[in-house]
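Hi everyone, thanks for making time this morning. I'd like to walk you through one structure, and please have it open as I talk.

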Amino acid sequence: MNITFPADPFPFGTDNDDRHRKFIRRIAMKIASSLFSIVRDRAGELNLHTYELRSGSKAETVFLGEVDIPAEDTLWKELLAPKQLLPFTQNGNGDVFIVQHRPVEDEIRTLGAYIDWYLQTHPGVPAGEVLVLVNRRLIGNGIREVLNDLATQHNRAWKAESFYFEDALSAPAAAEGFALLTLLVNPEDRPALRYLLGEGRADCRRGPYARIRAHCEQTGESPREVLQLLAAGALQLRYTQPLVTRFTQIKQRLAAMAPLGVQQLVDALFPVGGGADVATVRQVASLIVPNVQTASELLGELRPDIVQPELPGTQGRSIWIMSLHKSKGLTARLVIIAGCVSTSFPQYARPHRRKFSGNWRSRDGCSMSA
Amino acid sequence: MKPTEFWKNFKLGEELSVSGTFIYNGVRRFYELRELDHEDELFEVLYDLAVGFERLLKVVVALLEHKDSDDQEEFEKSLITHSRPELLRRIKQHRTVELGPQHNDFLDLLARFYKQIRYGRFGLDSVYDHHRERGCAPSSQSI
């Protein structure tokens, strides 16, 4: 880390910041996991179960987990001191419906019909006051299609819009394009490089990458620097050839894209022929292209548009359909939570996993649908 | 089940959990430190990590080295040591341990703390040696 603690820090002291915390944690976890792997292997050879750890124990967190202290603290705060729900008496009484459906198609059709009925019977309520929350894009987009069909059939003044742009990169083709763009702008971006190196393989080429990472930890070089040395023949590391081959392919693709203009770059990253897999990200990128000059600007605009798309106001004519996490902090007259399937939603807290806490508000009514 | 099998299967398993608990507590305490200048707080971090890794190293040594034909008393005596580098050396005689220089330095630091500094304040010379845990080194410490 090249951080030197002064011998006498008087009068200000030496703050413990996140760099120190991460460094010590990483060092301790590496030693612990290396030694534990020997315990596990040796116990296996001796036909023993020495390595078995009690579920939820601190030892399990150390040897099999990550000791993510901030995440654990957040979880415990939520478990030990759940936020008290206080009634907003000025909003008056609301209705809560809990409805179960057999097939998901029934749920989609029923919710579409219910929202249409609600807006017809509440003519003063703008469509923007209806919020549909569903974590599965399939259901959300299904509700959007049903609503828009109803709006067309009955000549309604509203329409439905879904906001699942965060899923724009869920298809491998879209993720690959985004990772290439990220590397084009910042060749040292490790998550993008790691994704591309492991792409297309079920094991993500974990073994060769672990060897490169171990070398990086010893030398302080970045994975890209090590891969460049390997590709140039200036360094030899056993069993890393598949990664070197893949790295060379990535470099060639990036070199071909480097001279392209922004529009050609979008065409190369998210081609029209990519179909539905890249359709959303291509659509978002196409809206950005006229306003940017460089790949860096494109990435700078594309990233927030995917992660934090601009939402229409509550007084608009669009019904909002989005994931529960995206909806955090929003308020609406009618909130519908769809797709409540056991084990899928709500997700109950497990050790080291964050619990969802709904921070949206419904003023008139809330419907939970499964 | 032979007593030695029971020992390795269950008692060393418990010891593995004990070591993990100490390591966890050490990492958590370090996370909770707001400043790195308070000897009492650093002592707790170093003590937890030193004990945790020493016990973990001993579990690994016991699993790798112990044979039923060995003199049990002698073997148990050989585990009475606070030298983490020595325990690591014994492990490396049997297995490749994938640790870099930083990890070895860290184990050396814990060994130095546990052997030389842990009880240092009970000696009169501690009057002239401030901030022992803060550096585990005479003037300053780099990480």
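Predicted model: local features only at pLDDT ≥ 70, side-chain atom pairs only at ≥ 80, totals over all residues.

Let's begin with chain A. It has 13 helices and seven strands. Of its 370 residues, 28% are buried. If you look at the contacts in chain A with a separation of 6 or more, 70% are between residues 24 or more positions apart.

Now please find strand β3 of chain A, residues 130–133. Which way do its residues point? A:Val130 and A:Val132 point one way, A:Leu131 and A:Leu133 point the other way, and all are buried.

What does this strand pair with? On strand β6 of chain A, residues 331–337, four bridges join it to β3(A), and the two run parallel. Within that pairing, A:Leu131 has A:Val335 as its bridge partner. Strand β5 of chain A, residues 318–322, is also parallel to β3(A), and three bridges join them. There, A:Ile321 of β5(A) stands opposite A:Val132.

Next, the helices. In chain A, look at α8, residues 206–219, and α9, residues 223–232: their axes come within 9 Å and cross at roughly 110°. An angle from 65 to 115 degrees counts as roughly perpendicular, and therefore α8(A) and α9(A) are roughly perpendicular to each other. The crossing is right-handed. On the α8(A) side, the contact is made by A:Ile212, A:Arg213, A:His215 and A:Cys216, and on the α9(A) side by A:Pro223, A:Val226 and A:Leu227.

In soluble globular proteins, nonpolar side chains tend to be buried together. Here, the largest nonpolar core has 50 residues, and the members touching the most others are A:Val39, B:Val60 and B:Leu110. Which elements give two or more residues to this core? From chain A they are α1 (18–45) and α2 (58–64), and from chain B they are α1 (3–32), α2 (39–65), α4 (84–92) and α5 (101–117). The largest share comes from α2(B), with 14 residues.

Let's zoom in on B:Leu110. Leaving aside neighbours within four places in sequence, B:Leu110 is in contact with B:Leu46, B:Leu49, B:Ala50, B:Phe53 and B:Arg84.

Apart from that core lies another one, of 31 residues, including A:Leu184, A:Leu196, A:Val226 and A:Leu298.

Terms used:
Residues numbered from 1 in each chain as written. Chains lettered and ligands numbered in written order. Core = buried A, V, L, I, M, F, W, Y, C linked by C-beta atoms within 7 Å. Buried ≥ 20, exposed ≤ 12 C-beta atoms within 10 Å, placed from the backbone. Contact = placed C-beta atoms within 7 Å. Pairing = 2+ DSSP bridges. Axes fitted to C-alpha atoms, helices over the stretch in contact; angles between N-to-C directions. Parallel < 35°, antiparallel > 145°, perpendicular 65-115°, else oblique. Left-handed = near helix turned anticlockwise from the far one by under 90°.
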